[in-house]
Structures are given as C-alpha cells and as structure tokens.
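Have the structure open and follow along.

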Amino acid sequence: MINKPNKTGTFLITIWLCITMCAVPSLASQKTIWIEVAAGKLDRADSVSSFQMPKEATGKAFVLRDEQGKLIPVQVDESGRAIFILPKLRANTTKRFRLVATKEQAKSPGVQLVRERDKLFVTSAGRKIFTYQAEPGDLPNATIKPVFKRGGYIHPVYTPAGRIITDDFPSDHFHHHGIWFAWTKTEFEGRHPDFWNVGDGTGRIDFVALDRMWSGAVHAGFKARTNYIDVSASQPRTVLNDEWVVTVYRVGLGQKAYSMFDLVSTHELMTSSPLLLPEYRYGGLGFRGAREWLAKDNCVFLTSEGKDRSNGHATRARWCHIGGKVGGELAGIAIFDNPNNFRAPQAMRINPDQPFFCYSPSLSGDWKISPGEKYVSRYRFVVYDGAPDSDQLNRLWEDYANPPQVTVSVK
C-alpha cells in the first residue's frame with residue numbers, strides 16, 4: 001500500500017521541484033554558454049555589465065551561475081542585450097559564469113516601475129528612487145501662470161533614507177523642475193526661441209508620449225518623448241523631438257547605500273532647418289536641488305577635479321556633487337558626464353546663488369544640431385545620504401566610462 005503525501009509533504013516536493021527545475025541548461029540547444037568577465041585595471045563592485053545574448057540561448061529568462069553555484073540575475077532588453085550586476089571582482093582578474101535558462105521570470109522584480117495617471121513611480125528593492133512627471137500636472141498654486149505648466153521631467157528624487165533632494169516650481173525659478181532638459185539661447189530660421197525660460201513666451205516643451213515602460217530583476221525604466229515648440233513664429237513650429245531612455249539599476253544595497261540611474265537623451269530635428277546654439281552660460285541637462293539648499297551655507301558643490309562653488313563654474317569635470325542637509329541630515333547627488341558625450345567632459349554651470357547645476361556644451365562655444373543628425377547625450381546619477389565620497393564616486397565613474405569586458409563563448 002502506498003501512502004499518499006500529506007499537504008506538508010506535497011508542499012515540500014513542490015518546492016524541491018521548483019529549485020531543481022528553475023535553473024537548468026537549455027535542453028533545446030544542448031550547448032553550454034560561458035560568460036567570462038574581465039575586471040581590467042579596476043576593482044569592480046556593483047558594476048553594470050552587459051553582453052549580446054547569443055543565438056544559441058533559448059528561453060525567456062536567464063541567470064549566471066558561478067563555480068560555487070551562486071546565481072546572478074540576467075535581464076535581456078528588447079535589443080537582445082543581456083544586463084547583469086557584477087558583485088565584486090578584483091583588478092586584473094577574470095571570473096567565469098555559465099549562462100543558465102530559468103523556468104520563468106522573477107515574480108517580484110528587484111526594480112519596479114508603476115504608472116499612476118500622469119506619473120511613473122520607480123522603486124528598487126523596496127526603496128523609492130524617483131517619480132517621473134509625464135503629462136503636465138497641476139500647478140502648485142494659483143499665482144503661477146499657466147505658461148509654466150510642463151511635463152517630461154524627474155521629480156522628486158529620493159536618497160536611500162527617503163530624503164527628497166530635488167525641487168519643483170521653486171519660487172525664484174518656476175521653470176526649474178528636478179532633472180530636466182532644455183536649450184536657452186538658440187537661433188532657428190532667424191528667430192530666437194528660448195525653450196528654457198518658458199515664461200518669456202517664445203518657446204515651450206510639450207510632453208508627447210510614453211513609448212515603453214518596464215520592470216525587472218536587474219533594472220526598470222521607460223522611454224518617453226517631448227517636443228520643442230517654437231512659439232515665436234506666426235504659427236507654433238515643432239523644432240526638436242527629444243527622446244529619453246531612463247534606466248534604474250538594482251545596486252547600492254550594501255553598507256554605503258546609494259541609488260543609480262542612467263539618462264540617455266536623443267535630440268532629432270523635426271524640420272529641414274538647423275537649430276543654432278550660440279555660446280551661453282547654461283542650457284542642456286539641468287538639476288534643481290532641494291529647497292533647503294537655497295541657504296548658501298547649506299549647499300555644497302564638489303567636482304571630480306576638486307573644484308567647488310567658488311571656482312567650479314565654466315570648468316570641465318567627469319562628475320559633480322551637489323548636496324547639503326535635508327531634514328538636518330546630509331544628502332546629495334553626483335551627476336556623471338559620459339566620456340562619449342559631445343565636448344566631454346562638458347563644461348558646467350554652477351550657480352553661485354541657487355542650488356542649480358547644468359552640464360552645458362554651449363558654455364564652450366557656438367554649435368548646432370543639423371538636419372539628419374542626432375544629438376545624443378548620456379548621464380548617470382548616483383544618489384546617497386551623507387557627505388560625498390570622492391573615492392567611491394571616482395570608482396563608480398570609471399565603471400560607467402569603462403565597464404567590465406564580457407566575452408561569450410559557446411561550447
């Protein structure tokens with residue numbers, strides 16, 4: 001007589017089957033896919049790493065298994081690029097992993113994006129990261145003119161401890177919005193639309209669409225579009241399309257906690273006329289810091305080159321920290337300039353009075369965006385509590401500029 005398993009026994013058998021079946025090599029290919037990661041000259045930790053998924057890989061979800069059996073989640077994007085977070089690897093060493101197909105995607109993504117009406121909310125490992133304002137929201141008070149309404153920006157941004165380090169519609173500059181993008185001094189078809197100082201009524205930026213949103217075990221993000229409108233013409237004229245791809249990573253969960261996300265902006269002309277961008281002290285990627293940082297003795301700037309608020313304006317740097325006390329505790333953000341950006345390292349607008357920062361190629365002289373060309377700019381943001389750690393920021397920037405080398409072999 002065979003005894004039937006009780007409910008507890010059935011549950012344990014189910015768990016065992018899940019463990020043994022959820023991480024197995026693809027039987028369809030009968031080939032082993034090896035992933036080798038080389039640290040290069042840098043000590044690596046929490047490094048965003050990637051490779052092109054080989055055609056031999058079959059399945060919908062994957063992990064990397066090291067020689068000790070530890071598993072690292074892998075997330076494959078729409079282009080077939082596989083992204084994972086390399087925990088630690090000493091300089092001048094390599095580590096080999098086996099790519100393993102899993103039974104199903106993780107049911108509880110490590111990085112979660114949720115849309116609620118006109119906002120996107122992003123969390124990583126349960127921590128708030130930021131909110132993206134898609135369509136324009138309500139103005140904070142009736143004294144602000146409707147011309148200042150806009151969407152397509154990031155605010156609020158949270159530190160790991162939950163402190164908000166950005167501001168929106170500050171009373172001294174209603175056109176400042178957390179993390180945003182705009183051009184100030186321009187020339188287009190003989191006119192001079194200002195897409196930054198929208199209160200002047202010559203230019204504006206309209207939110208267009210959210211094209212894609214995703215969550216996952218490794219990263220979450222979205223793709224969105226805005227249009228730059230010349231309203232100084234006899235009829236409003238669409239000049240530029242700006243596409244944002246924003247990616248938030250599941251990193252910084254150790255003792256020195258931090259959050260990290262990337263922004264890739266692609267500007268493309270919607271006309272056959274060029275957009276001329278004369279030399280000017282700001283315009284491009286903007287950041288407006290916490291309202292408490294408006295007190296000058298509570299706002300600190302520090303660049304990768306050791307410059308501060310007194311001598312950093314118009315200089316070039318790989319990264320810039322902006323921080324101060326929020327709710328009585330230090331908090332800050334570092335903004336990284338990608339070495340492949342136009343005029344990298346780009347010159348910076350460090351405001352002497354407001355908690356405002358801008359990476360602006362226009363600071364270095366006249367330039368233009370021509371028909372048929374795309375102006376692509378890339379930035380990384382690292383958010384933390386406490387004072388800036390220059391050694392850590394330099395290491396993270398090197399990771400961004402020179403990620404680990406990944407080699408794929410199929411045997």
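Two strands count as paired if DSSP finds at least two bridges between them. Keep that in mind while you look at this model, which is a predicted one.

**The sheet**
- One of the bridges links threonine 303 with its partner in E20, cysteine 320.
- Zoom out and you'll find an open sheet of 8 strands, with antiparallel pairing, in the order E13-E14-E15-E16-E25-E21-E20-E19.
- Strand E13 (203-214) and strand E19 (300-303) are the edge strands, so each pairs on one side only.
- From one strand to the next, the twist averages 20°.

**Helix H2 by itself**
- At the start of H2, aspartate 389 points a side-chain oxygen to within 3.1 Å of the backbone nitrogen of aspartate 391.

**Where helix meets sheet**
- H2 lies across E16, E19, E20, E21 and E25, and runs at about 30° to E21.
- Which residues of H2 are buried? They are Gln392, Leu393, Leu396, Trp397, Asp399, Tyr400 and Ala401.
- Those buried residues pack against strand E16 (258-269), strand E20 (319-326), strand E21 (329-337) and strand E25 (374-385), and also against strand E3 (44-52).

Key
Residues are numbered from 1 along each chain as its sequence is written. This is a predicted model: local features need pLDDT of at least 70, side-chain atom pairs count only at pLDDT 80 or more; totals for chains, interfaces and linings use all residues. Side-chain values use heavy atoms; hydrogens and water are left out. Buried means under 20% relative accessible area, exposed over 50%, partly exposed in between (1.4 Å probe, protein chains only). Helices (H or I, at least four residues) and strands (E, at least two) are DSSP runs, numbered from the N terminus. Contact means heavy atoms within 4.5 Å. A polar contact is a pair of N or O atoms within 3.5 Å; within protein, one must be able to donate a hydrogen and the other to accept it, and residues adjacent in sequence count only if both atoms are side-chain atoms. Axes are lines fitted to C-alpha atoms, for helices over the stretch in contact, and angles run from 0 to 180 degrees between N-to-C directions.
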